[in-house]
Amino acid sequence: MLAINDLKSGTYIVVDGEPFAITKHSFVKMGRGQGVMRTTLRNLKTGQTLEKTFKGADKVDQADISRSKANYLYHEGNEYHFMDQQSYDQFFVTAEQLGDSAQYLIENLDVDVLLFNGQPIGVEIPKKITYEVTQAPPGIRGDTAQGSVTKKVTLQNGLEINAPLFIDEGDQIVVNTDSGEYVGKA
């Protein structure tokens with residue numbers, strides 16, 4: 001059981017039998033009253049967010065979340081298929097469970113799988129991933145006069161990001177998956 005001071009961002013808890021991850025938290029103390037912990041929770045099964053306030057005496061169950069390594073294989077419709085690296089079992093995760101992470105997946109990418117009571121419920125991708133640039137328009141002289149020193153490039157998985165003018169087709173670049181921004185050349 002967790003007290004309200006144990007509730008921090010990244011902690012996994014159980015609310016009404018469902019696993020949640022705390023994405024934001026703030027402790028609020030009002031006047032003479034007792035303090036409360038305001039949290040934003042993300043359901044690990046459905047991906048939906050929920051705002052919940054916990055009072056000083058509240059206790060919360062910690063979710064039994066374990067991790068394992070897996071490889072991304074392919075996606076079909078709304079399902080993204082993975083293979084566990086230890087047991088070689090294949091399983092899928094829905095697009096809702098993946099959220100924004102789905103746009104960064106490429107074949108054979110190593111990911112961490114979140115397991116709740118032995119069942120896969122979500123996937124965590126690396127913070128930085130290396131991609132190959134498949135389309136990059138040429139940088140035109142004079143483009144920097146308007147203050148624009150970036151151009152749109154297309155990556156091997158179809159994702160479009162802003163990259164510096166010197167990036168060409170075939171280059172390997174590193175992308176931050178939290179912000180979707182160019183980090184550097186690989």
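Ala, Val, Leu, Ile, Met, Phe, Trp, Tyr, Cys and Pro count as nonpolar, Asp, Glu, Lys and Arg as charged, and the others, Gly among them, as polar.

**Ground rules.** I'm working with a predicted model, where local features need pLDDT of at least 70 and side-chain atom pairs count only at pLDDT 80 or more, while totals for chains, interfaces and linings use all residues. Residues are numbered from 1 along each chain as its sequence is written, and side-chain values use heavy atoms, with hydrogens and water left out.

**Pocket.** I looked up the classes in the lining of the largest pocket: 11 nonpolar, 9 polar and 6 charged residues. (A pocket is an open set of points on a 1 Å grid over the protein atoms alone, where a 1.4 Å probe fits, with protein on both sides within 12 Å along at least five of seven lines; lining residues have an atom within 4 Å of a point.) Which residues lie nearest its centre? I found Arg42, Leu98, Ser101, Val123 and Glu124 there. Strand β10 gives the most to this lining, with 4 residues. (Strands are DSSP runs of E, at least two residues, numbered from the N terminus.)

**Ser26.** Next I checked Ser26, which is found in strand β2, residues 18-28. (Buried is under 20%, exposed over 50%, partly exposed in between, with a 1.4 Å probe and protein chains only.) Not counting residues up to four places away in sequence, Ser26 touches Val36, Met37 and Arg38. (Contact means heavy atoms within 4.5 Å.) I also noted 8.4 Å between the C-alpha atoms of Ser26 and Val36, which sit 10 residues apart along the chain.
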